[in-house]
Every structure is written in structure tokens, then in C-alpha cells.
Amino acid sequence: MTKKPFRLSPYQVQFLIVVGFISVGYALYVRYLAVEFSQVALACDAGLQTLMCKARSVSTVLFKNSVFGIVALVVATLNLMRPSIVLLTVGIIAAGLGIVLYNVVLSGLAIGLLILGFARPAPATA
């Protein structure tokens, strides 16, 4: 019984591109308009209860504990062992958020493992 190699269809590639852009775009939005923007930071620290302040506090707790990088690394390792589109999608989301939100080392390693997941032996020729 031969196992089919893991290959993405064009629709899956387009889906992953859209998911990657959305996750990195949201991370940029949170980083530059919630975490680092001083007026929003001061208002949130003073007790303002808005959705942006909640997103700021959640993302701050997650990147201080390296959750984005750890999740990206675990998912990339699982994807390396048993590739699937679901693991690839979750890995791209976590790595994109981690790269922008201060978990660069672990997320960079995860991106390398995600790329390495496409390295499979070529099919034997007759």
C-alpha cells in the first residue's frame, strides 16, 4: 500500500495565502494600534473596557508567555511528522501572530519546520 505524497491544490494554496495575510494583518493591527499606541495603552491601563483593550490584554498575556511561538512550534512539528492542511493552517496562523507579536525565535523555527514539511522524497522512476 503506497501513501500519496502531501501536495496542496491551488485552492488550498490560495486559502493559506488569505489566512496568512489575515493573521499577519490582525497581528500588525493589534501591535501597532493597541499595544504600542500610547493613547490606547494609557486609556486601557486607566480602566477603559472596549474590545480593543480586551484584545490588547489577551495578546499581551499570550506573547509574554510565548504561547504563539510554542503553539506554532508544536503544530509545525506535528505537521512535519504527519502533514495535513489543518495543521498547516493552524501553524501559519500561530507563526504569523508570533512573528509580529514578539515571539520571533520560536515562530521563526516553526516556519522553518513548516517549510521542511514539504521536503519529501521524489517518487521513484522506472
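Hi everyone, let's start with the buried residues of helix α1: L16, V19, G20, S23, A27, V30, R31, A34 and V35. Buried here means under 20% relative accessible area, with exposed over 50% and partly exposed in between, using a 1.4 Å probe and protein chains only. This is a predicted model, where local features need pLDDT of at least 70, side-chain atom pairs count only at pLDDT 80 or more, and totals for chains, interfaces and linings use all residues. Residues are numbered from 1 along each chain as its sequence is written, and side-chain values use heavy atoms, leaving out hydrogens and water.

What covers those buried residues of α1? The cover includes α2 (38-45), α3 and α5 (85-100). Helices are DSSP runs of H or I with at least four residues, numbered from the N terminus.

Now to α1 and α3. The axes of α1 (residues 10-35) and α3 (residues 51-64) come within 10 Å and cross at roughly 105°; axes are lines fitted to C-alpha atoms over the stretch in contact, with angles from 0 to 180 degrees between N-to-C directions. The two helices are therefore roughly perpendicular to each other, a label for angles of 65 to 115 degrees. On the α1 side, the contact (heavy atoms within 4.5 Å) is made by Y26, Y29, V30, L33, A34 and V35, and on the α3 side by M52, A55, R56, S59, T60 and F63.

Last, the disulfide: C44 is joined to C53, S to S 2.0 Å, where the cut-off is a pair of cysteine sulfur atoms within 2.5 Å. The link of C44 and C53 is left-handed, with -85° about the S-S bond. C44 counts as buried because its relative accessibility is 13%, and C53 counts as buried at 9%.

Conventions: Parallel < 35°, antiparallel > 145°, perpendicular 65-115°, else oblique.
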